Amino acid sequence: MSWNRRHVLSLADFTPAEYDTVLQTASSFREVLTRRTKKVPTLQGQVVANLFFEPSTRTRSSFELAAKRLSADTLNFAASTSSITKGETILDTAKTYLAMGTDMMVIRHKEAGVPQAIADEMDRLDVKVGVLNAGDGQHEHPSQALLDLFTICSLMDVEQPRSTLLKGKKIAIVGDILHSRVARSNIWSLTASGAEVHLAAPPTLLPKEFAAFVKESDPSISRQLFIHWTLEPALIDADFVMTLRLQKERMTSHLLPSLREYHQQFGITRDRLKLCQPDVRVLHPGPVNRGVEISSDLMDDPVLSLISQQVTSGVAVRMALLYLMGGGKVG
Ligand code: NCD
């Protein structure tokens with residue numbers, strides 16, 4: 001097992017061995033979640049605070065459930081009903097939770113870098129509190145990409161999900177890539193696992209210089225990343241297609257002609273999947289704009305769509321992350 005992190009803020013420097021550690025650990029927790037008593041005492045007495053400064057359904061609930069399944073005490077915070085509305089700073093909010101004995105903080109914020117800033121402050125104070133980035137602006141969403149990886153690898157080998165299964169697989173990521181922290185984290189994990197990643201979006205949502213950020217990574221990992229401004233080349237022979245929500249709340253100008261036209265050009269439908277491998281599967285991190293990035297019937301297809309499996313995987317993967325960061329034992 002390879003793990004030496006107090007915080008999980010980004011996947012940029014994750015190694016294949018670390019991905020495998022997360023996958024194996026999540027696999028043990030998936031087994032725990034099939035037992036009659038779906039709980040282990042691993043984090044008994046520890047406090048996990050969910051600090052969500054931005055709306056969330058699945059990420060927040062799944063971290064809460066993961067912490068509870070590990071027997072931690074959980075604190076839930078929502079910015080709109082907190083002292084943030086009275087002018088308290090984010091760092092002071094974090095210190096308030098620290099003073100209550102919080103051991104791990106799960107943080108979502110609309111600005112990139114907030115989880116990192118809180119982690120830096122915790123390290124400066126030398127309090128040994130772990131910080132997990134649950135989505136920061138357009139930057140990263142590591143636990144989402146890890147649950148996507150777990151979902152894909154488990155489909156290929158449910159007993160032993162491991163990153164090498166992705167070697168040579170073609171994965172298309174389609175949609176609002178520019179605004180997507182999910183895409184950025186997935187680019188790190190999927191390319192590090194040896195998959196060929198094909199991004200497809202209109203140029204306004206995928207500037208040609210977009211992929212430059214991967215150049216700053218470990219040169220010993222060769223990453224295969226391609227950019228397309230039309231859908232077809234990304235879909236041809238793809239093994240997996242990941243669709244993304246159009247993030248209207250992050251669009252500062254009119255980047256699209258109309259949702260109807262977007263769906264006609266980039267919407268994923270059953271018909272379009274005929275270009276892919278015969279056993280292709282579709283992922284979406286949610287929340288979905290039905291009928292925009294994916295057709296409603298495809299989203300609900302029990303075979304082609306992995307969307308519910310992604311949500312289910314989320315609990316086991318987040319248990320794995322909290323467990324690894326907390327340094328416990330699987331019971
Ligand atoms: C994503 C997010 O918030 O980054 N959703 C999620 O966490 N499952 C994607 C999105 O909002 O479109």
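Ala, Val, Leu, Ile, Met, Phe, Trp, Tyr, Cys and Pro count as nonpolar, Asp, Glu, Lys and Arg as charged, and the others, Gly among them, as polar. The model is predicted: local features need pLDDT of at least 70, side-chain atom pairs count only at pLDDT 80 or more, and totals for chains, interfaces and linings use all residues. Numbering starts from 1 along each chain as its sequence is written, and side-chain values use heavy atoms, with hydrogens and water left out.

**Exercise 1.** Find the residues around the ligand and sort them by class.

*Solution.* 
- Step 1. The shell holds Arg-58, Thr-59, Arg-108, His-141, Gln-144, Arg-181, Val-182, Arg-245, Gln-247, Pro-285, Gly-286 and Pro-287.
- Step 2. Sorted, that gives three nonpolar, five polar and four charged residues.

**Exercise 2.** Which side chains place a polar atom by a ligand oxygen?

*Solution.* 
- Step 1. Polar contacts here pair N or O atoms within 3.5 Å.
- Step 2. Arg-245 has such an atom 2.6 Å from a ligand oxygen.
- Step 3. For His-141 the distance is 2.7 Å, and for Gln-247 it is 3.1 Å.
- Step 4. Alone, the ligand exposes 310 Å², and the protein buries 95% of that (Shrake-Rupley, 1.4 Å probe).

**Exercise 3.** Where does the ligand lie relative to the domains?

*Solution.* 
- Step 1. Domain bounds come from an automatic or database assignment.
- Step 2. Domain 1 (16-140 + 312-326) and domain 2 (142-310) both contribute shell residues, so the ligand lies between them.

**Exercise 4.** Locate the cis peptide bond from Gly-286 to Pro-287.

*Solution.* 
- Step 1. Most peptide bonds are trans.
- Step 2. This bond is cis, with omega near -10°.

Methods
Near = heavy atom within 4 Å. Polar contact = N/O pair within 3.5 Å; in protein donor to acceptor, adjacent residues only side chain to side chain.
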